[in-house]
Structures are given as C-alpha cells and as structure tokens.
Amino acid sequence: MHHFAYKGGVLYAEGVSLGEIAGAVGTPFYCYSTATLKRHYTVFANAFAGSDALVCYSVKANSNLAVLKTLGAQGSGMDVVSEGELRRARAAGIAAERIVFSGVGKTRSEMAYALDEGIYAFNVESEAEAHALSDVAAAKGARARIAFRVNPDIDPKTHKKISTGKAEDKFGVPFDRARGLYKEASGLPGIKACGIHMHIGSQITDLQPFADALELLRALADQLHDDGHSLEFVNFGGGLGVPYRGDDDIPPHPDDYANAVRCALADLDCKLVFEPGRVIAGNAGVLVARVLYEKHGANRRFTVVDAGMNDLIRPTLYDAWHEIWPVDEKLRGAPATPTDVVGPVCETGDYLALERALPEFGEGDLIAVLTAGAYGAVQSSSYNTRPLVPEVLVNGDAWAVVRPRPTYDDMLALDRLPEWL
Ligand SMILES: *Cc1c(COP(=O)(O)O)cnc(C)c1O
C-alpha cells in the first residue's frame, strides 16, 4: 500500500504531480511520500500494540534527516550502524535511549561517542568487540548495555547478498557459542549483557525462517535465564520484505509476523525490540528519471534514461526487480515490447531493468522506478562525476527538496590539488 497513483492521467505522489516536481527540480530525483512512511510505521508499531515493544527504524534503509524526523514524530526509535547514522538520528531529534547500535566493525571511537550519547544498547557481534567495548566503557567508568547478535545459521531464503543469518555470513556469534559468551561477558567490567539480538537477513517473504529463528531465540533466552542471567530485552532485528512485483511472493503482513513473535516469546518477561527498515521505507519512495533515447541494437532494444546504477544500484547489486511506470498514464496502455532500461554510466552493469515490457518512449518522457525508498538514495554515488541524486519529500499537497542536487562547482570543490601541481 503506497500513495503513488495516477490522477488526471499523470502519476502523483499524494497530492503532487511527479511531472511538476520534475519540472522544478530536474531529473533524476527520488521522491518520498510522508503518508506512506507514516502508514508503514503505524501498521508495524500497531502490530505490537499491547506489548512492551520498541520499534527502531533501521536508518541505513533511508537516512535522510527529513525521513528520520517524520518517523521520529510517529514515535520511532532508530537502529544505527555507524557514528554518522547515530549523529543523523540525534540530529533528527531521536532520544538516545531509543537508539540501538549494530554492525560488525564499530571502532573504539564510535563506541565512545555512542556511550557518551547514552544509547539504549549495542548489538555486539564478536567476542573481540565485547572486549573492546568493555575497555572503552570501563575507561569512562561506564557500563555499556549490550545484546550479543546471535547467528542462528538459518537460511532466510533471500538474495545471497542480503542474507545475514547463515553460518557463512560475517554477522553475529555462532549460536552454540552464545551461552559461553554471556558467561564470559558477566566477568567484563564495562559491559552489561542484558539482551539477545538476531537479524537473519533482508527482504524475507516467508514467515518460516522467522519462526525458526524465534524458536532458537526463545531456547537461548530460557538457557540464559537458567544460567542466572537477567535479560531485559530481546531484539529480533528487521528483515520483513516488501512486494517489489505483483507476482512475487507476498511478504507476511506485520500482524502475522507479530503473531509469530508473540507465539514464540509468550510469557518471556522482556522488552521486544525490532529494527524494520525496508518494510517502512521501501514502498514510500520512487526514483523519477527522464528518457534520453530509444536505441535499437542488433537484437536488443535499449531505453536510455538519465538515472543509472550510481543513483539506484539495487538491480546491479542484488538482481533486484523494480516496477517501472511511465509518469504519463497514456503510455501505460500503449503496445509494449521488451527493452533494457539503461543509464548513462560507462558500465555494462548499468541498468534499471532488463528485457522489461515497456512502450516505445519519446525523448523527454518521464518514468518512475517504484519501491525505491529503501536502499536507494543511501547507496547512491557520484561515479562518473554525476551529481548525487536529489531527494524530495511530499506531504499531502506540499513538497520540499530534502537533499538538493549538488552543483558541478560543489563537486569539483571537494578535491584539493597538492602544491606541486
Ligand atoms: C539492515 C539491518 C536491518 C534492517 O533490515 P531490513 O531488511 O531493511 O528491515 C535491521 N537490523 C540490522 C542489524 C541491519 O543490519
């Protein structure tokens, strides 16, 4: 469910025509819908109404300050994976005690910064990290609240580059070593192991891997309880998928996901923490691009647009499939043939879609690449010295540029010439 729809023959974001924004901002640009962000957050949070739950939106999915502030105003906490993201969350007004810090490679200086801010908890991913964090905290006379991120060795049945819960993935500590680690941690002066964390992957469209992971999470919680540890929270991460295409596996509804959680963790006297990213932001954004040329190769049609892999890398990196809609509704009914929608970047991997049935476009026609709100702009780059793609936020009939396109002067001014040149 999202708020991008045709009105009077033109694709709108809520009450604003994407054509109007394109005219004012130029292309390409990302456009986010406030109503969609709010709706997804609310559906997820409401699924846990009545439970002691903290929903920490995963900042890495879409970290624009305006997006963070929109979600913070709905009551969201945040899951961050770097000092930079922590600074963003704080700048967006998120209370430190609603922030959790994940990631396999936190530096000591990042740990110190997060301790000074007073975050809710660290998700610790290795024994070595636990020791480093204990040192950093003890030197401040502090004690870091932590959850070990436990790797349950479960196949989340998603793309291999976004699976995180299999034994061969770099994430977390092995399930069968977890008990020993909690014991060891109880002897470390600078940490308090008061939670368990699991995050098994992203774009998960089947409830079963979650259920399997929850069963292990519950078993570990019970063991730790028997070992005399007191757990204050369990953090089940994120990973709930979104529908990228009509004939996809439809991901579980947050209510069904919540039921699985309640079932597995019933009468466990702990706060529940979640880190949803994609399910909040994915459908809340589109990438709008302009068609430059239609090109007919020896045996292939190409539609060349002004957005490329540097703006949206998901098709290249994850073999992702994004729906593409013409902004002009008339074109939707026109005869369609297979085309590769490609960008201007000098890479063969620079495409937004392959062999997609689309109408023949004219120069200047606008297209919208759907479900681009998560892991879109955050992964963009200025490769080929292309200006970083701007971001626009719509709210009803209002819209604002929430990250402007840099000028070429801005871009060139980032470099420095050494004195010998
Ligand atoms: C990326 C990430 C998330 C969010 O995953 P989604 O699939 O976007 O919900 C949550 N927790 C951790 C630790 C992550 O790395």
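Is Arg-386 buried or exposed? Arg-386 has a relative accessible area of 15%, and buried means under 20%, so Arg-386 is buried. Please keep in mind throughout that this is a predicted model.

**Around Arg-386**

To find Arg-386, look in the loop between β19 (366-369) and β20 (391-395). The side chain of Arg-386 makes a polar contact of 2.8 Å with the side chain of Asn-310. Beyond neighbours within four places in sequence, the residues in contact with Arg-386 include Asp-306, Ala-307, Gly-308 and Asp-311. Pro-344, Val-345, Ser-381 and Met-411 are also among them. As a reference distance, Pro-326 lies 60 residues from Arg-386 in sequence, and their C-alpha atoms are 23 Å apart.

**The ligand**

Now move to the ligand. There are 15 residues around it, and those that come nearest are Lys-60, Ser-202, Glu-275, Arg-278 and Tyr-375.

| Residue | Protein atom | Ligand atom | Distance |
|---|---|---|---|
| Lys-60 | side-chain N or O | oxygen | 2.7 Å |
| Glu-275 | polar side-chain atom | nitrogen | 2.6 Å |
| Arg-278 | backbone N or O | oxygen | 2.7 Å |

On its own, the ligand has 390 Å² of accessible area, and the protein covers 94% of that.

Next, a friendly stop at strand β6, residues 77-80. Which way do its residues point? Gly-77 and Asp-79 point one way, Met-78 and Val-80 point the other way, and all of them are buried.

Strand β5 (residues 53-58) runs parallel to β6, and 3 bridges join the two. Within this pairing, Tyr-57 has Met-78 as its bridge partner in β6. Between β5 and β6 the chain passes through helix α3 (residues 65-73), and this β-α-β crossover is right-handed.

β6 also pairs with strand β7 (residues 99-101): the two run parallel and are joined by 3 bridges. Helix α4 (residues 83-91) belongs to a right-handed β-α-β unit with β6 and β7.

**Helix α5**

Which residues of helix α5 (residues 108-117) are buried? They are Glu-110, Met-111, Ala-112, Tyr-113, Ala-114 and Leu-115. These buried residues pack against α4 and β7, and also against β8 (121-124), α6 (127-139) and β9 (144-151). After α5 comes Gly-118, with a positive phi near 85°.

**Ser-17**

Our last stop is Ser-17, which is found in strand β3 (residues 16-17). Why does Ser-17 count as buried? Its relative accessibility is 12%, and the cut-off for buried is under 20%. The side chain of Ser-17 reaches the backbone nitrogen of Gly-19 at 3.1 Å. With neighbours within four places in sequence left aside, Ser-17 is in contact with Val-10, Leu-11 and Tyr-12.

Key:
Residues are numbered from 1 along each chain as its sequence is written. This is a predicted model: local features need pLDDT of at least 70, side-chain atom pairs count only at pLDDT 80 or more; totals for chains, interfaces and linings use all residues. Side-chain values use heavy atoms; hydrogens and water are left out. Buried means under 20% relative accessible area, exposed over 50%, partly exposed in between (1.4 Å probe, protein chains only). Helices (H or I, at least four residues) and strands (E, at least two) are DSSP runs, numbered from the N terminus. Two strands pair if DSSP finds at least two bridges between them. A crossover is right-handed if, with the strands pointing away from the viewer, the path from the first strand over the helix to the second runs clockwise. A residue is near a molecule or strand if one of its heavy atoms lies within 4 Å of it. A polar contact is a pair of N or O atoms within 3.5 Å; within protein, one must be able to donate a hydrogen and the other to accept it, and residues adjacent in sequence count only if both atoms are side-chain atoms. Accessible areas come from the Shrake-Rupley method with a 1.4 Å probe; for residues, only the protein chains shown count as cover. Contact means heavy atoms within 4.5 Å.
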